[in-house]
Amino acid sequence: MKYCTVCLQPDTRPNTHFNSGGVCPACDYYQHSRSIDWQERYEILRDLTKTIKRKSGQYFDCIIGVSGGKDSTRQALWVRDNLGLKPLLVCLSHPPQQVSQLGVDNISNLINHGFDVVLTTPAPETWRRLMRDSFFKFTNWARSTELALFSSVPQLAIKYNIPLIFWGENPALQVGDLKTMGNTGYDGNNLRYSNTLSSGHAWMLDAGYDANSILPYIYPDIEAFDSSKIQIVFLGWFLGDWGLLENASYACPVGLHIREEAPELTGDLYGLSNLDEDWHNMNQMIKYLKFGFGKITEYVNEELRSGAMDRATATDLVERYDGNCSEAYIDSFCEFIQITKQDFWAHVKESMNKELFEIDAMGNIRRKFQVGVGL
Ligand SMILES: [Zn+2]
């Protein structure tokens with residue numbers, strides 16, 4: 001395990017590759033982005049929205065997937081108010097047992113801003129069973145739900161005949177999932193190769209699910225994209241100030257509600273992420289045990305890149321809070337997927353990265369690496 005020489009990103013992230021100077025792709029891109037002509041990019045975007053024209057008889061110019069969180073609130077308002085487009089918003093909602101009050105308040109906030117919003121909620125029992133299967137197969141309960149989340153947008157774009165889809169950040173450039181790189185920095189049509197989507201839905205069929213019951217989880221194939229001329233565009237590529245903190249500072253004044261719990265409970269430094277339910281924070285803890293980094297690392301990385309935080313402070317924050325998770329989140333998750341906490345921990349400990357972590361004589365998980373240094 002090696003750390004980026006600029007930020008605290010370890011090279012354990014799937015599909016990532018550091019340059020010969022030991023710099024991660026996100027820092028490399030940040031460095032490059034300082035010399036970008038943002039006005040020129042804005043003009044590229046204006047031209048693009050004229051090229052991908054609204055089809056005749058069509059009311060909407062584009063589709064945006066939203067949760068009501070900081071990123072999607074910013075995207076929806078920016079596309080409507082700065083680009084002058086009419087977006088149709090699509091929200092894949094969690095079942096009632098999972099959605100948080102914050103999630104309900106934030107999507108209501110977006111609706112109150114005057115948008116047309118399609119809310120779609122896959123059948124909760126299939127959702128629950130797939131979540132349980134994902135947890136045991138991938139040690140990532142969200143593998144199935146994220147497939148539904150990502151699929152809902154192109155599925156509706158095809159059904160509604162709206163070819164232009166706006167997505168937020170480019171995972172290749174802004175996070176470092178290099179397999180998603182498209183023909184240009186804004187081309188999102190290779191999102192299907194991301195770490196989340198690449199496993200597809202075949203494993204669900206193998207597990208015996210009826211094909212019709214998993215329709216919400218089927219990402220449209222390349223032929224379907226081509227025949228409907230679907231184009232996903234990463235908006236983050238056009239915005240010089242795209243980031244966790246910047247998006248939140250854009251969305252909070254227009255009504256975004258954020259978490260008030262402490263980072264000891266959430267593993268989230270400022271309570272800005274995963275607002276619509278609690279178990280993604282738990283998944284960040286699991287991610288930490290699989291790859292050695294969680295949400296705190298992503299927060300401090302942005303600030304290390306911009307020079308707003310020094311490496312010693314960032315290291316201290318990561319050591320103190322990364323991978324933290326409230327017991328209450330684990331309890332409610334186990335209750336929802338109907339497993340015991342013993343089953344939960346047995347599986348998590350079995351799946352954790354044994355090179356990075358060990359279990360001591362008391363049964364507690366201990367980190368073997370040094371934050372900022374590696375192994
Ligand atoms: Zn870096």
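Trainee: How far apart are the centres of domain 1 and domain 2, taken over C-alpha atoms, and which residues and elements of domain 1 give the most to the side that touches domain 2?

Mentor: This is a predicted model, in which local features need pLDDT of at least 70 and side-chain atom pairs count only at pLDDT 80 or more, while totals for chains, interfaces and linings use all residues. Residues are numbered from 1 along each chain as its sequence is written, and side-chain values use heavy atoms, with hydrogens and water left out.

The protein chain is divided into domain 1 (38–238) and domain 2 (259–367), bounds that come from an automatic or database domain assignment. Their centres, taken over C-alpha atoms, lie 25 Å apart. To the contact (heavy atoms within 4.5 Å), domain 1 brings 23 residues and domain 2 brings 21 residues.

Between them the two domains bury about 2,100 Å², with 63% of it on carbon and sulfur atoms; buried area is the accessible area (1.4 Å probe) that two parts lose on being put together, summed over both. Of the area that domain 1 buries against domain 2, 29% is supplied by Phe135, Thr139 and Trp141, more than by any other three residues.

On the side of domain 1 that touches domain 2, two or more residues come from each of helix 4 (101–112), helix 5 (124–138) and helix 6 (142–160). Helix 5 gives the most, with 7 residues. Helices (H or I, at least four residues) are DSSP runs, numbered from the N terminus, as are strands (E, at least two).

Thr139 deserves a separate remark. It is placed in the loop between helix 5 and helix 6 and has a positive phi of about 50° although it is not a glycine. Most residues other than glycine have a negative phi. Thr139 is buried, with a relative accessible area of 7%, where buried means under 20%, exposed over 50% and partly exposed in between (1.4 Å probe, protein chains only).
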